[in-house]
Amino acid sequence: MASPERTVAFIGCGNMGGAILQGVLDAAFSPSSSGNRPISKFIACTRSPESAARLQSSLSPAHQSHVKVVSSETIQSMQEADVIVLGFKPFMAEDVLSMKGVKTALAGKLVISLLAGQTPQSLANMILGGAHASIAEPVIVKAIPNMGAQFRQSMTIIETPERPIPSQMAEVVEWVFRQVGEIKYLPQEQMDLASVLVGAALATLTVPIEGLLDGCVAEGLKRPDAMEMLLHGIRGLSAALEAGVPPAVLRESISSPRGCTIQALLALERAGSRADYADAIIKGTQHLKK
């Protein structure tokens, strides 16, 4: 990693890997972006030619010269890259990382894992197996972003490494994920819970949003109009929470005696909705810990 500009290979470039790739390209390789960047090229390795074709067609002409899209070239992509991003499904880790040639291709390199539920230690064991001591271990960093990366609005949680890693590698990790949003370091014991929160929360929050929209349509409002107003409401809610207003205080300040807001809130409380969302986080976290 002596070169000031590096090649990053995404091994598995589906929804999440593709979102990060698109976000980084938009942020760092647009005409208005600064030329000071530690990464110069990308390799996107997909499982099938069909996936590769879809990814290739999604790239803007201005970005295509920075990305080589391939399929089923896992080892070659690892060999050509300075930094490797593991973006495939977590259950595929054993099959991919035990392939012949992986431990040599990854020796001494920075490996960024996007795999929820897989620790850097478990991945290192899969890669090295009974490797001879002469083979340098890869430096594995776990980072869990969310789909907001495509819009440069991700919250990426990064596991605090057990041992300090070279500063150049740490800078690359932070640079990649700062291009697509904010980052936060957490200890290993909190990573599973935080993975569910930053990842699954985006999906779970679509459930109440659709419910609110359905209610609006039932009462006579067009869905696009309701969505427009709801999005502005969500932005206002986000601003209030970021300003430090506690959720309970916010609800109380909006609820007037005999008003419509308190009636809506009581309907949710009677349905036990808050407990359902707590259970969703708990069950998601327990699943990762299995």
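A helix here is a DSSP run of H or I at least four residues long, and helices are numbered from the N terminus. With that in hand, welcome to the close-up views of this predicted model.

**View 1. V198 sits in helix α8.**
Is V198 buried or exposed? V198 counts as buried, because its relative accessibility is 12% and the cut-off for buried is under 20%. Now look for P161, which lies 37 residues away from V198 along the chain. The C-alpha atoms of V198 and P161 are separated by 20 Å. Helix α8 itself covers residues 191–204, and you will meet this helix again in both pocket views.

**View 2. The largest pocket has a volume of about 2,300 Å³.**
Its lining is made of 41 residues. To find the centre of this pocket, look for L205, P208, I234, L237 and L241, the lining residues that lie nearest to it. Two or more lining residues come from each of β7 (154–159), α8 (191–204), α9 (206–218), α10 (223–242), α11 (247–254), α12 (260–271) and α13 (273–289). Which element gives the largest share of this lining? That is α10, with nine residues. By residue type, the lining of the largest pocket holds 25 nonpolar, twelve polar and four charged residues.

At least two lining residues are supplied by each of α1 (15–28), α2 (49–58), α8 and α13. How many residues does α8 give? Five, and α8 gives the most to this lining. The lining of the second largest pocket divides into 17 nonpolar residues, twelve polar ones and three charged ones.

**View 3. Residues 189–288 carry a domain annotation from UniProt.**
The record, an unreviewed entry, labels this stretch "domain: Pyrroline-5-carboxylate reductase dimerisation". Over these residues the chain is 83% helix and 0% strand. Follow the stretch from one end to the other, and you will find its end C-alpha atoms 12 Å apart.

**View 4. Strand β4 (residues 83–86) pairs with β1 and with β5.**
In a regular strand, the side chains alternate between the two faces of the sheet. You can follow this in β4, where V83 and V85 point one way and I84 and L86 the other way. Are these four residues buried or exposed? All of them are buried. The pairing of β4 with strand β1 (residues 6–11) is parallel and runs over four bridges. One place to look is F10, which stands opposite V85 in β4. Strand β5 (residues 110–113) also runs parallel to β4, and four bridges join the two. Within β5, V111 is the bridge partner of I84.

**View 5. C13 and C45 are both cysteines without a disulfide partner.**
How many disulfides does a search of the whole structure find? It finds zero.

**View 6. S72 and R152 each have a positive phi although neither is a glycine.**
Most residues other than glycine have a negative phi. The phi of S72 is near 55°, and S72 is placed in the loop between β3 and α3 (74–80). S72 is exposed, because its relative accessible area is 54%. For R152, phi is about 60°, and R152 is found in the loop between β6 (139–144) and β7. With a relative accessible area of 43%, R152 is partly exposed.

**View 7. V67 is part of strand β3 (residues 67–71).**
V67 counts as buried, because its relative accessibility is 9%. For a sense of scale, compare the positions of V67 and R163, which are 96 residues apart along the chain. Their C-alpha atoms are separated by 32 Å.

Note on methods. Residues are numbered from 1 along each chain as its sequence is written. This is a predicted model: local features need pLDDT of at least 70, side-chain atom pairs count only at pLDDT 80 or more; totals for chains, interfaces and linings use all residues. Side-chain values use heavy atoms; hydrogens and water are left out. On a 1 Å grid over the protein atoms alone, a cavity is a set of points where a 1.4 Å probe fits but cannot get out, and a pocket is an open set with protein on both sides within 12 Å along at least five of seven lines; lining residues have an atom within 4 Å of a point. Grid points are joined across faces, edges and corners, and a volume is the space filled by probe spheres set on the points. Ala, Val, Leu, Ile, Met, Phe, Trp, Tyr, Cys and Pro count as nonpolar, Asp, Glu, Lys and Arg as charged, and the others, Gly among them, as polar. UniProt positions are given in the numbering used here, feature names are shortened, and annotations may be inferred rather than shown by experiment. Buried means under 20% relative accessible area, exposed over 50%, partly exposed in between (1.4 Å probe, protein chains only). Two strands pair if DSSP finds at least two bridges between them. A disulfide is a pair of cysteine sulfur atoms within 2.5 Å.
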